[in-house]
Amino acid sequence: MCYLYILKSYNFGRRYIGITGNIDTRLSKHNSGGVRSTKAYRPWVLAYKEEFETKKKARIRELELKKSGNKREEVFKKIEV
């Protein structure tokens, strides 16, 4: 299994989209400062996840959300509810 995940930084109002095989381990790495692009905005909480059978499918979805503002906003609206 592979997961697409969206993290939210409540202190800074930022979001981060990524993929991983283990959400708990990856979230710990983000919150410990082990990810350069997110360490300045800690702490992070898991706001959303989608499960995929393969890493390739998760990556396709990740790129879809990162490239399409409309699709990204649809997901962000679900999170905010």
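Predicted model: local features only at pLDDT ≥ 70, side-chain atom pairs only at ≥ 80, totals over all residues.
Residues are numbered from 1 along each chain as its sequence is written, and side-chain values use heavy atoms, with hydrogens and water left out.

Let me turn to the fold. The protein has 3 helices and 3 strands, running β-β-α-β-α-α from the N terminus, where helices are DSSP runs of H or I with at least four residues and strands are runs of E with at least two. The C-alpha trace spans about 30 × 25 × 20 Å along its principal axes. The radius of gyration, taken over C-alpha atoms, is compared with a globule rule of 2.2 Å times the number of residues to the power 0.38; for 81 residues a compact globule would come near 12 Å, and the protein, at 12 Å, agrees.

With contact meaning heavy atoms within 4.5 Å, 56% of the contacts between residues at least 6 apart in sequence join residues at least 24 apart. Of the 81 residues, 36% count as buried, that is, under 20% relative accessible area, whereas exposed means over 50% and partly exposed lies in between, with a 1.4 Å probe and protein chains only.

Now, which aromatic pairs does the structure hold? There are 2 of them, on the criterion that rings of Phe, Tyr and Trp (its six-membered ring) have centres within 6.5 Å, with planes under 30 degrees apart called stacked, over 60 edge-to-face and the rest tilted. Y5 and Y16 make a tilted pair, 6.2 Å centre to centre with 40 degrees between the planes, and this pair joins strand β1 (residues 2–9), which holds Y5, to strand β2 (residues 14–20), which holds Y16, across 11 residues. Both Y5 and Y16 are buried.

F12 and Y41, by contrast in setting, form an edge-to-face pair at 5.4 Å and 85 degrees, linking the loop between β1 and β2 to the loop between α1 (23–31) and β3 (45–52), 29 residues apart. F12 is partly exposed at 46% relative accessibility, and Y41 is likewise partly exposed, at 23%.
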